[in-house]
Structures are given as C-alpha cells and as structure tokens.
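Hi everyone, thanks for coming. Today I'd like to walk you through a structure step by step, so please have a look at it while I talk.

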Amino acid sequence: MDFFNIFIKAAFIENLVLAYFLGMCSYLAVSKTVKTAFGLGLAVIFVLAITMPINWIISNKILSENGILGIDLTFLRFILFIAVIASMVQLVEMIIEKVSPSLYNSLGIFLPLITVNCAILGGSLFMVARDYNFSDSVAFGLGGGFGWFLAIIAIAAIREKIRYSDVPPALRGLGMAFILTGLMGIAFMSLMGIDPAALGK
Amino acid sequence: MAETLEKNVVEPKEPLFGKVEKKLLKDPLNDNNPITVQVLGVCSALAVTSMVYPSFVMAVAVVFVCGFSSLLTSLVRNKIPPQVRMIVQLVIIATLVTIVELTLKRFQYPIYRQLTVYIGLIITNCIVMGRLEAFAMANKPWRSFVDGIGNGLGYGAILLIVAVIREIFGKGSLFAGSPLEMKLIGTTPDYFINTMAEGSWFGWYANNNLMVLPAAAMFIIGVLIWIQRSYNPKLVDIS
C-alpha cells in the first residue's frame, strides 16, 4: 500500500476518534472552544507523527526475533512503547519551549495530557497489529493525527454553537457531546465507500 | 504533611471494611461514575461493547489493573520522586496490563483476538491513571485498593449495560461466545429455518444494524447520562 492511500484511510475512513473511540478523554474534555481544540489537535499530529516511526523501529528492529538482539522480546512492547511516548512528549515539550515560546504558550498545558491520550498508544498498537512497514507507519501517524485534529475541531465548533440551543438541562454538556460524536461517527461512515487505491487512477 | 499527622494522632482501630471503604466502593457506581461523571476511561473500551462477553472480560481486566495498580502505587508512594511519578505509574500499569495480556493469550485466545489492541490500551485508560494521581498517591494501600476496585466496577457496570443493550438489539443474542450463550430474539421459528436466513424479517425481530456500529455506543452512553442526571440533578452541567 502506498503512502497517500494509508494517509487518506487513517484520516477519514478509519478515523481514530469516530471509528475507534481513541483519545476520547481529551477529545471530550478539551473540545469546549475551537481555539484550545486547535492547539491540542496540532500537538497530537506532532506527537503521533514522531512516535510512530520510533515505535516501528523499536518494535521491528529491537523487540522482534529478527532484530539486532535476536531474541523475542515482544512482551516488553507495552512498557517500551509507553516509555517512548512519555519521553517523546517530554522532549517535544522542551524543544518547543526553546524554539518557539509563543507556540509553547498556546500548546503548553496540552502537551503533558498527550502522554495518556489513547490515540497515540493505540496508533502504535494498530501499526504492530497491521504489520505496516516503515513508510506506512509514517503515513499512518500523519493521517491518524490529521483525522484526530479534524474530529476535535469539528466537535468544538458544534459545541460552541450548541451553547445557544435549548437542550434539556440533564443532557447539557457531556450528554450532548456523546450524542453529537455518535452522529459525526455516522456522517464519517459515509466516507467508507471511498477507495483510495482507485483515486490515483 | 499527611505523614506527620498520622504519626502524632493515635488512630482508633478501624474495621477492615468500614464506612469509608463502603463509600469508596459505592460512589463510583453512581455519584462519581468514572465514565458518566468523571469522563475518564471512555477511550479504550467503547469499541468492545458490541457484545457482552468481550466487555465482561474487558471489565474484569480493568478491575484487576485498576485495583492492583492503586495498591502498588500506594505502597511505593512515599519513595517516588515527584518529577518522575508519571513514568513510575505508567510502568506499574504497563506491567500489570502485560500480565493480563499474556494470561488472556494463554487461556482465552478467541477473546484475545477479538479485543486486539484494546487490551493494551488499558494502559492509557485515563481512569487507571486518574485514580492513581487523585487517590492512590495520597492514601494508604488498603483504601487505595478498594478505591481502585470500586472505580473499576463503576466502569465495568456502564460497559456491561451498554453491551447488553447493543447485543440484544444488534445481534439478538446474549453472552455470545461464552458458555452461557443464548439466543433471545431475532430467531426464526423452526419451520422457517430451512428456507430463511436467520435474523431476516421473517423472524419476529430483524437485527438492528445501527446497534452494531460504534456510533450506537455513543448514543447509549449519551442517553444513560441523560437518565442519570435527570434523577440526580446535582450532576447537571451548568455551563
């Protein structure tokens, strides 16, 4: 499968939030305004795109039987993946703080949150389960991140508007967010008919 | 701070399972439910709720991980330097999840295949981490353990409610895949079986495919929150 193919598939057809419910916690908690959602979305794209290739290398070159060590160490996968993600998030945070303080100020609080964002670890685990190769995993990281970004921006925009609607009190806020996400999930399902392989022809 | 207080005050002997423990166990089931009130841990498990049996396995796994990670974290809480506490917590959780994964792989392979990445995602299930941060880091081991179990149960309860609704309406069965498997509705009468596909409209109930979609889980949880908040007005969102 080629790069573009996997990117489209990960971003739209198999959207991490709307098809797999990954990263729901921060998706629901940080989607009250578009501005904050935008910051978190960018940070997720960033971290997914970085951790995915690194985890691919770890999983295929170090932990697998055909790797450098020559022993089957796959039982260490969870611990190593989460350690990579945690340290990458830390690293990204420090780099952004040095390079661009203004970006750091807008992303600042969201970066640590990303360590426990299921979309990141889930992406890495899907990559292993689906036997992607290196370039596939880069595409999947970028596409998955972009899909997550789209989803959180969309729900944040809807939630900003719905504040002026007359929702039953008990359904206000969280309950409505769940139902909206369900509706968006159905809307995204209509993209399932797209065949990325046919687009290039 | 809590340490010095504990040393000065001579504590009255507390029963092993007193009022505090009971409250810790009961609160997450309704007033402080991890999914519908704290909004933690929605991530990893909604996709498994299309059938009851996998959700049950998932719930047991989360109760186990949640309880024991709280216990272990609470045991070492005074030795963890605050800067690296996240990493320490994650390592404890990841170890427990690996145990669960290997156990399932050995004894329940079909379920293991079905749950795939969602077992691994218990690591980033915010409810586990959230309880460690909010409770286990500041409380004694036994109470933390009970708190972890309670939150695991509150989470499992929602999971099972959603799964029962989705499986009955979506597949017309209950506990499919487990020894208790039963076919409730959607079955065709005997004299139709040779001619009709099972679950077709000739039976008295046609399977509702919407319920099998991931979106159905969101609707059901949305409605559950609605019901819960109508009965429990203090939970209503003011904003």
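Let's start with a word we will need: a residue is called buried when its relative accessible area is under 20%, and exposed when that value is over 50%. Please also keep in mind that this is a predicted model.

Now, chain B. Of its 239 residues, 49% count as buried. Chain B has nine helices and two strands. Among the contacts in chain B with a separation of 6 or more, 72% join residues 24 or more positions apart. As for the surface, chain B exposes about 12000 Å², and 68% of that is supplied by carbon and sulfur atoms.

Let's zoom in on a pair of helices. In general, two packed helices are described by the angle between their axes and the distance between the axes. Here, helix 3 and helix 7 of chain B pack at an angle of about 35°, and their axes are 10 Å apart. Their crossing is right-handed. On the helix 3 side of chain B, the contact is made by B:Val65, B:Cys66, B:Ser69, B:Ser70, B:Thr73 and B:Ser74, while helix 7 of chain B brings B:Val128, B:Leu132 and B:Ala136. Sorted by class, that contact has five nonpolar residues, four polar ones and no charged ones.

Let's pick one of these residues, B:Thr73, in helix 3 of chain B. Is B:Thr73 buried or exposed? B:Thr73 counts as buried, because its relative accessibility is 0% and the cut-off for buried is under 20%. Leaving aside residues up to four places away in sequence, B:Thr73 touches B:Ile80, B:Gln89, B:Ile92, B:Leu132, B:Ala136 and B:Met137.

For a contrast, hop over to chain A. A:Asp131 sits in the loop between helix 7 and helix 8 of chain A. With a relative accessibility of 69%, A:Asp131 counts as exposed. Most residues other than glycine have a negative phi. A:Asp131 is not a glycine, yet its phi is positive, about 55°.

Finally, how do the two chains meet? 38 residues of chain A are in contact with 41 residues of chain B. The area buried between the chains is about 3500 Å², and carbon and sulfur atoms give 83% of it. Which three residues supply more than any other three of the area that chain A buries against chain B? They are A:Phe21, A:Phe78 and A:Phe178, with 21% of that area.

Notes. Residues are numbered from 1 along each chain as its sequence is written. Chains are lettered from A and ligands numbered from 1 in the order in which they are written. This is a predicted model: local features need pLDDT of at least 70, side-chain atom pairs count only at pLDDT 80 or more; totals for chains, interfaces and linings use all residues. Side-chain values use heavy atoms; hydrogens and water are left out. Helices (H or I, at least four residues) and strands (E, at least two) are DSSP runs, numbered from the N terminus. Buried means under 20% relative accessible area, exposed over 50%, partly exposed in between (1.4 Å probe, protein chains only). Contact means heavy atoms within 4.5 Å. Accessible areas come from the Shrake-Rupley method with a 1.4 Å probe; for residues, only the protein chains shown count as cover. Axes are lines fitted to C-alpha atoms, for helices over the stretch in contact, and angles run from 0 to 180 degrees between N-to-C directions. A crossing is left-handed if the near helix is turned anticlockwise from the far one by less than a right angle, and right-handed if clockwise. Ala, Val, Leu, Ile, Met, Phe, Trp, Tyr, Cys and Pro count as nonpolar, Asp, Glu, Lys and Arg as charged, and the others, Gly among them, as polar. Buried area is the accessible area (1.4 Å probe) that two parts lose on being put together, summed over both.
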